[in-house]
Amino acid sequence: MVVNLEFIKAIVTAEEVLLLDPLRQEVLPFVDQLRQQLPRKTPVKVQGACSLNGQDNDMHFSAVEGAENDLPFEFQVLEIALEVVCTYLDSSVADLERDAYPVLDDLARNVSTKNLEHVRSLKSNLTRLLARVQKVRDEIEHLLDDNEDMAHLYLTRKWIQNQQSEALLTTTASNSMVPVPSHLQRLSSNRSGSLVTSNFMDDNDVEDLEMLLEAYFMQLDGTRNKILSVREYIDDTEDYVNIQLDNQRNELIQLQLTLTIASFAIAMETLIAAIFGMNIPCPLYNVHGIFGFFVGGTSAFCALLFLFVLGYARWKKLLGS
């Protein structure tokens, strides 16, 4: 059985496990768990000149015969690998949550280039982490959907069946050379046949592995839901920021419209002043003191024009109240 879960890469048999790159930082918890939970025939053997110098990447664990455990050796290794991977992913999600919420709150309070860059980096990390969790989850789900694949993972059971088959063939060969009473021969054949038959009938029993995989599938599903919750919070924050930006954009448009109306009113006053500034004979030029009244009247007319157009824009709901 080949185990390839995230950073854990190992070859597992019914009696031993060969681990690739055991000195890697992420793999060390897995090695420690193997040392604590699995018995060994011999001390841990790291191939190479010196394991502490990181020159070698292979480690070998062997099972002890007669070790008491409810699960076969290969499932013990698989359980430890799943536990380490799930714990690592949970820790990564916890770190992501701890970093995500303050950054998103800062963005909601102040939309700036720095905060937007932090959120972009956060979304990239979240996408990568979700893909990693989803990959492990999908692999477990694929196994759970196929009983035949799960049955193939029962290495200890296959090994016992092979040993029993070899013992049966050896016994049959030895019995054929020694005369045995017919009733004893039939009894021996019936017992051996029933033993082999019962063992092969157990090939469809994958309940232990199914329960093990379902437990970690649920844990990974919970981890995935946490990531989706963070992503949903990011989406909500982005929607809130977009609403803020739209509101500011609308305020700028309203300000621009107000300034345009004011410019129109001032332009009308400028037009009147330009007309009377021409060298055209006019009786008003000879009226003493009319300049002040004329300028005041023109300014009042322009102010009334501004208020009229502004009121029309509000009536048409082009400007907020």
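User: Which helix holds both E117 and R120?

Analyst: This is a predicted model: local features need pLDDT of at least 70, side-chain atom pairs count only at pLDDT 80 or more, and totals for chains, interfaces and linings use all residues. Residues are numbered from 1 along each chain as its sequence is written, and side-chain values use heavy atoms, with hydrogens and water left out. E117 and R120 sit three residues apart, about one turn of the helix.

User: How far apart are the closest N and O atoms of E117 and R120?

Analyst: The two form a salt bridge, meaning a side-chain nitrogen of Lys or Arg within 4 Å of a carboxyl oxygen of Asp or Glu. The closest N and O atoms are separated by 2.7 Å.

User: Is R109 buried or exposed?

Analyst: Buried means under 20% relative accessible area, exposed over 50%, partly exposed in between (1.4 Å probe, protein chains only). R109 forms a salt bridge with D106, which is partly exposed at 32%. R109 has a relative accessible area of 63%, so R109 is exposed.

User: How many residues apart in sequence are the parts that R132 and E6 tie together?

Analyst: R132 pairs with E6 through a salt bridge, closest N and O atoms 2.7 Å apart. R132 lies in helix 3 (residues 113-145) and E6 in the loop between strand 1 (2-5) and strand 2 (8-12). Strands are DSSP runs (E, at least two residues). The pair therefore ties together parts whose sequence separation is 126 residues.

Definitions and conventions: Helix = DSSP H or I, 4+ residues; strand = E, 2+ residues; numbered from the N terminus.
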